[in-house]
Amino acid sequence: MSNSINFENSYAKELNEICEKCMPAGFLKPEFLIKNYRLAEELGIDNNFIDSKECLSIFSGMSLPKSSIPIAQAYSGHQFGHFNLQLGDGRAILLGEVQNMDIQLKGIGQTPFSRRGDGKSALGPVLREYVVSEFMHSINIPTTRALFALKTNETIFRETEQPGGVLTRVAKSHIRIGTFEYARSKNIETLKSLTDYSINRHYPELNQTDNKYLSFFAAVCDKQACLISKWMSVGFIHGVMNTDNMTISGETIDYGPCAFMDKYDPKTVFSSIDHNGRYAYLNQPAILVWNLTKLAETLIPLIDENKEKSVKQLSEVLQLVMPSYQEYFYKEFCEKLGLNNIDDKNIKIIDKYLKILHSESIDFTLSFRNLAKIVNKSMKVEDSVFRESKIFEKWYKTWKKEINVENIFQEMNLKNPCCIPRNHLIEDALKHAVNGDMAEINLMTKLLQEPFIEKDNYEKYMMPSTSDERYVTYCGT
Ligand code: AMP
Ligand code: MG
């Protein structure tokens, strides 16, 4: 371990056509609010360094280590279906890579891609991203991570005045489908460089395959299908699945208007701007295919000299995405319900279970924990979220025949979190944090690090809101 930090700059050096060098402007009076010592350790960053003045100075953009070549990445994107050529990091600067992981400052001020924006982030969304992304990691869902959250002690102007914040985001990379859309708009050489770079960084084994570009496309499809199935398995709604918010590495990125569903309703939408429910819970798999189609379109020139052949080969891969997603989805739910294998009988059991949750407006997360307790006889059906539902009893009998009752309680509890960042709780904690009281956010962060363990005195953190008011989220700008 070194007591400073040393950056590699492979993206800045190898892909300089699609990024711009830019210095962070920096904040004069920054203050760390949360430090992720565990993640720092994984990255080989020394704890003494984390607590040093130098560290605060670097991660607030006030000073730059010699090894860093700071850049803003260019990208395009289909936002709500409409193409926008010039997006890019408008409020984020990549300092470089540590152990092959990107270290990015989000909310650090203007870049060449800021357009009319100030390049800054409000503190609330910074803390929200910290809590939710670290929770996703703790339930084994691939995601960008959060190393630090700091407040800038500067006011920024949104609809109201708000305190500003900076998140240090750690990711396998920040390459998005939108990065490919941008590179394609430049020229084929740039597109090729980006694809080669992505293969070398994320899928080096594909260099040995016959058509590495087609294999790359198939690998991204597979990673993303698996990712979305995991989101679905915990009731996660990303909220803004634009092509600039989908990574090539298969990590969840950009925790803007995302939220977790309470009552199971496939039509659930939280985002204030998603009027038509494009990114509703149930639509996420279809949008996955839509976004991957956009990636396929950018790759056409790399697959075969003959355009028709290229399109045919890419289409064949695309057609496998939905079946592969379905397989992942049922695998997740088989595990959640302690079912051994994906066969027609178990698929029917899963479908029926979700139908019951829907028709009875049952809390998605609690249902799995209650079910484990019912079968373990530590909870009566009438005290559970299923109450006296007749259809539940019939379902329960069928399900019980398919499971191994002996181990089911432990098995289900290892797969189904009891604690999730419930919308009402996180909103409340953020309100306090923005006013200077971090106690609730710190407690939630801690509880959510061990989301499978029920803790006495913390029942409140497992329960849904008692209010029927519809929860609405806003983009993190
Ligand atoms: P997002 O909604 O976070 O996915 O951002 C969409 C686009 O808007 C990206 O190109 C961002 O860099 C840009 N953007 C978001 N907020 C700001 C801001 N405060 N200043 C400049 N650009 C921004
Ligand atoms: Mg984004």
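**Reading charges, rings and a ligand**

Tutor: Let us begin with a charge placed over a ring: K294 lies over the face of W290, 4.9 Å from the ring centre. Please keep in mind that this is a predicted model.

Student: Which residue has its charged end over the ring of F368?

Tutor: The charged end of K336 sits there, at 4.3 Å from the centre of the ring of F368.

Student: How does one describe two aromatic rings that pair with each other?

Tutor: Such a pair is described by the distance of the centres and the angle of the planes. In this structure, a search of the whole model finds 28 aromatic pairs. One of them joins Y11 and Y197, with 5.5 Å from centre to centre and 85° between the planes, and this pair is edge-to-face.

Student: Which parts of the chain does the pair of Y11 and Y197 tie together?

Tutor: Y11 belongs to helix α1 (residues 10-14) and Y197 to helix α7 (residues 188-202), so the pair links parts that are 186 residues apart in sequence.

Student: Is Y11 buried or exposed?

Tutor: Y11 counts as buried, because its relative accessibility is 1%. Y197 is buried as well, with a relative accessible area of 5%. The cut-off used here is that buried means under 20% relative accessible area.

Student: What is the arrangement of the rings of Y353 and F386?

Tutor: Their centres are 6.1 Å apart and their planes stand at 55°, so this pair is tilted. Y353 is in helix α12 (residues 344-359), whereas F386 is in the loop between α13 (364-375) and α14 (390-402); the pair therefore ties together parts that are 33 residues apart in sequence. Both Y353 and F386 are buried.

Student: Where does Q73 lie?

Tutor: Q73 is part of strand β3 (residues 71-73). With a relative accessible area of 2%, Q73 is buried.

Student: Which residues does Q73 touch, not counting those up to four places away in sequence?

Tutor: The contacts of Q73 include Y11, I18, C19, G88 and D89, and also L94, D102, F113 and H174.

Student: Let us turn to the ligand. Which residues around ligand 1 come nearest?

Tutor: Of the 16 residues around ligand 1, the nearest are G88, G90, R91, D118 and G119. A polar side-chain atom of R91 is 3.0 Å from an oxygen atom of ligand 1. G119 contributes a polar backbone atom, which lies 2.9 Å from a nitrogen atom of ligand 1. In the side chain of D254, an N or O atom is 3.3 Å from an oxygen atom of ligand 1.

Student: How much of the accessible area of ligand 1 does the protein cover?

Tutor: On its own, ligand 1 has 490 Å² of accessible area, and the protein covers 85% of that.

Student: What is the phi of N100?

Tutor: N100 is not a glycine, yet its phi is positive, at about 70°. N100 is found in the loop between β6 (92-98) and β7 (101-106). At 45% relative accessibility, N100 counts as partly exposed.

How values were computed: Residues numbered from 1 in each chain as written. Chains lettered and ligands numbered in written order. Predicted model: local features only at pLDDT ≥ 70, side-chain atom pairs only at ≥ 80, totals over all residues. Heavy atoms only, no water. Phe/Tyr/Trp six-rings, centres within 6.5 Å; stacked < 30°, edge-to-face > 60°. Helix = DSSP H or I, 4+ residues; strand = E, 2+ residues; numbered from the N terminus. Buried < 20%, exposed > 50% of the residue type's maximum accessible area, 1.4 Å probe, protein only. Lys NZ or Arg CZ within 6 Å of the ring centre and 35° of its normal. Contact = heavy atoms within 4.5 Å. Near = heavy atom within 4 Å. Polar contact = N/O pair within 3.5 Å; in protein donor to acceptor, adjacent residues only side chain to side chain. Areas by Shrake-Rupley, 256 points an atom, 1.4 Å probe, with all protein chains shown as cover.
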